[in-house]
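I'll jot down what I look up as I go.

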Amino acid sequence: MLNATLAELASALAAKRISGVELTKLFLARIAALNGTLNAFITVDEERSLADARAADALRARGEGGALTGIPIAHKDIYCTRGIRTTCGSRMLANFVSPYDAHVIERFAAARAVLLGKTNMDEFAMGSSNETSYFAPVRNPWDLQRVPGGSSGGSAAAVAARMTPAATGTDTGGSIRQPAALAGISGLKPTYGAVSRYGMVAFASSLDQGGPLAKSAADLALLMNAMAGHDTRDSTSVERPAEDYTRSLGHSLAGLRIGLPREYFAAGVEPDVLARVRETVAWFESQGARPVEIGLRNTRLAVPVYYVLALAEASSNLSRFDGVRYGHRTSDPYDLLDLYRRTRAEGFGAEVKRRILLGTYVLSHGYYDAYYLQAQKVRRLIAQDFAQAYRECDVIMGPTAPGTAFPIGAKSADPVQMYLGDIFTVPASLAGLPALSVPCGFDSRGLPVGLQITGNHFAEATLLGVAHRYQQAHDWHLRVPKETPL
Amino acid sequence: MTWEIVVGIETHAQLLTKSKIFSGAATAFGAAPNTQASGVDIALPGVLPVLNQRAVELAIRFGLAVGGQISRRSIFARKNYFYPDSPKGYQISQYELPIVQGGSITIGVGESEKRIRLTRAHLEEDAGKSLHEDFHGMSGIDLNRAGTPLLEIVSEPDLRSAAEAVAYAKTLHALVRWIEVCDGNMQEGSFRCDANVSVRRAGETRLGTRCEIKNLNSFRFMEQAIDFEAKRQMEILEGGGRIEQETRLYDPDRNETRSMRTKEDAQDYRYFPDPDLLPLVITEQMIEDARRSMPEPPSAKRATYQLLGVSAETVEALLANVDMGKFFESMSQEIRLYGAIPKDQASQVIASAANTTVSSLSSRISDWGSVLATWPDLAREMALIELYVSLGKISSVAAKEARDAVLAREGSVDEVIKKRGLEQLSDAGALESLVDEVLAANAKQVADYRAGRQKAFNSLVGQVMKATRGKANPAQVNEILRSKLGR
């Protein structure tokens, strides 16, 4: 059961081979056994999980319920959950209990999935290694001395270690795809606007997008059916008819035009990563797909542009954490300025402070045009590069990250080096495009390598179909990490 | 040395919406602290703003009323600053692309008119309130007002005196009330003005350094503050000094302005487009809808009243005091709906109702707003009195008595007329026999009249009126007397 897909779990539940309560207990026991080592969860509320499971069982007993009824799902601790604290990986919100549920949480509740717990993450989703969490780093189940990626590192590690069948994450510049790659699982960042941001603690509003992490593309499709959809409470949520994300899962690969950006197969990518991705592309070719070399010529500008825009927005989004209404407040401030200064100095970690400072700087009088405005212009150029490319190809493939999981602490002293690891994930974020990462083999150290597949706007079903065909012929996604055997 | 005063006014008008500009919380004034603040208003983590379309409609309405350009695409921006009553740490406002650009307001200056250009009008949210009393050295925060929709209306520096500034503010105030975009309540802060004041030597074309004066919560304070500030600046300049650009607070108790912050303290608000809100797109249909739903603006009312024969002075009084004007409009509506009167006569009655409102009624009613709210039937009662005078049912003397009695809550007009016996005596037969009695009893006056003394006639009229206790129609009495006396 621990290694079963969502569809398998659903049929086991439907056939009463297992109850929702039993399934939930199974995963709670797995969390209890492994979380001390991996630190993937910040909060687990067994009573709440079991109550959800009992309600789901009652529903199934009446012959009702859907694909996710009774299935445990872990949520990134960035989604507001009523009654269970939402920390966002920060001391600032360490004791914050939201009075409302995020849209995504509501959707899973409506599907009668079981809320299994809240997963660890980089503080305010700012990081690519899960080392910036106030609740200590998450460890990679493939190698406990290495990072699981970030910022949705807790969700990725939890799925990889089979502590949960699936999890939610958020992706601003790669925060679903990169940890999925480093932890050897599948993860999808949907088109901007496909999943409501209501109730997701904001990092960079024009880039933030919720999405699923799971073992397989087929699982991601089922999760998207629950998560996606229009929400009037998010003005950037796109109003379009509900779609079935599983609809292309059986589609053939014949004639699929695969764009291979020159800039993604270049120096700076680890040789093992390049080799695995090339082998994968070759397999697609053997199935009738047609590789097309394309150019995404502004790729090298994507990381600087991303770090200007994302941090500008973040500096403003994080202003609400001031110690006045909720969250951390310093003790005995002697005046208002002291309240602000010490609350924020104590409540935020070093990386968050760095980003607030940078974001404040690029918006400042005299710098706005040179940084923020210029970055907006380049962002449009990057989007145009993709629009041009999709005239020649259907999907774009490349490595999700230039390297595999790195040792904890290896990049902590060099933020720029850390930021450059986002080179292949930020372009799709800037263009608002859907992109997923699926495991495509291992490097010489036995660490998983991720393949990124990017599509045009709202081409999620196509991406999932392509990835599913690959997973039908390969079992990378079913391999269990050696540090966390079943 | 002659100086010219230059003033521009920034006005924050609270838009008449039921809910806030970016949340569903109510905007009603006076609720217990923090009972009208939703998750969006207190800026919980993860909440998002959703634009109130009604606020947009009202902003378009204002733009059309002042002849401004409605931007087909405008942008909401974040103005970043920390303060406890600004829960997000930024205010959502419009910066580079406001919803309304240009337009103008025409004010009366003495006998002539002056057109004051508007720079822009933009949508933004209000902040909450910090309460510094009653908390034993701490501050309380009330976020009921946070997120209330405001239209910030900015004039060009076209005003040349405190009196012009006040005329502008009053005209704008009446306009926003007439077109029902703002309730104009200055006590509750629904209509707040700041003045940018500078002075320059007569003939100079460049603007002087300006100071922004805040806390002008009445028209009187505005006039005093601008006068004080202009004088302060002139004295500095005449003494060879320089004006420092700063924000100054008006203190009505001491009638002076005091420095709040100088340009050096000016914050960098780091404006940037709010990524949570899409650009505001306004379609031709929305503009057409706003045009169609626009209440009659004062300019159109002025023309209508003048056609009815209301004097210019009375028209201006009715337009300036919106509640009084609305009372008059209810009266005129009642008069139009009154069946027993021909149309051309109705116009005369309406004109007379206008005069009555501005002269007799306004000396008795000071708070027209509360009359409108608490005594909805009064306008109909007052209209009936005008109609009865016109129809000869009561005399104008009796009308005055009837108004006073109704206002003193003695009863309805009809009840008061009956109770006090105010109805005019118009029965020719009854009057004739009364005249006969008076003539018989006053042989001397009759003789005097016949001898050519006009005064005797007046005395006889007086006797008849006295006998009817003033209820007789004087014209009718004159006529009967003349025919009886045979000239």
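I'm working with a predicted model, where local features need pLDDT of at least 70, side-chain atom pairs count only at pLDDT 80 or more, and totals for chains, interfaces and linings use all residues. Residues run from 1 along each chain as its sequence is written, with chains lettered from A and ligands numbered from 1 in the order written.

Chain B overall. I looked up its secondary structure and got 16 helices and 17 strands, taken as DSSP runs (helices H or I, at least four residues; strands E, at least two). Chain B has a radius of gyration of 30 Å, well over the 23 Å from the globule rule for 487 residues, so it is more spread out than a compact globule. That radius is over C-alpha atoms, and the rule is 2.2 Å times the number of residues to the power 0.38. Its C-alpha box along the principal axes is roughly 95 × 55 × 55 Å.

Helix pair. I checked α15 (454–467) and α16 (474–485) of chain B: their axes come within 10 Å and cross at roughly 125 degrees. Contacts here (C-beta atoms, placed from the backbone, within 7 Å) join B:Phe457, B:Leu460, B:Val461, B:Val464 and B:Met465 in α15(B) to B:Pro474, B:Val477, B:Asn478 and B:Leu481 in α16(B).

Chain contact. I find 35 residues from chain A and 26 residues from chain B in it. On the chain A side, α9 (299–317), α10 (336–347) and α11 (350–363) each supply at least two residues. α9(A) gives the largest share, three residues.

Definitions and conventions. Axes fitted to C-alpha atoms, helices over the stretch in contact; angles between N-to-C directions. Contact = placed C-beta atoms within 7 Å.
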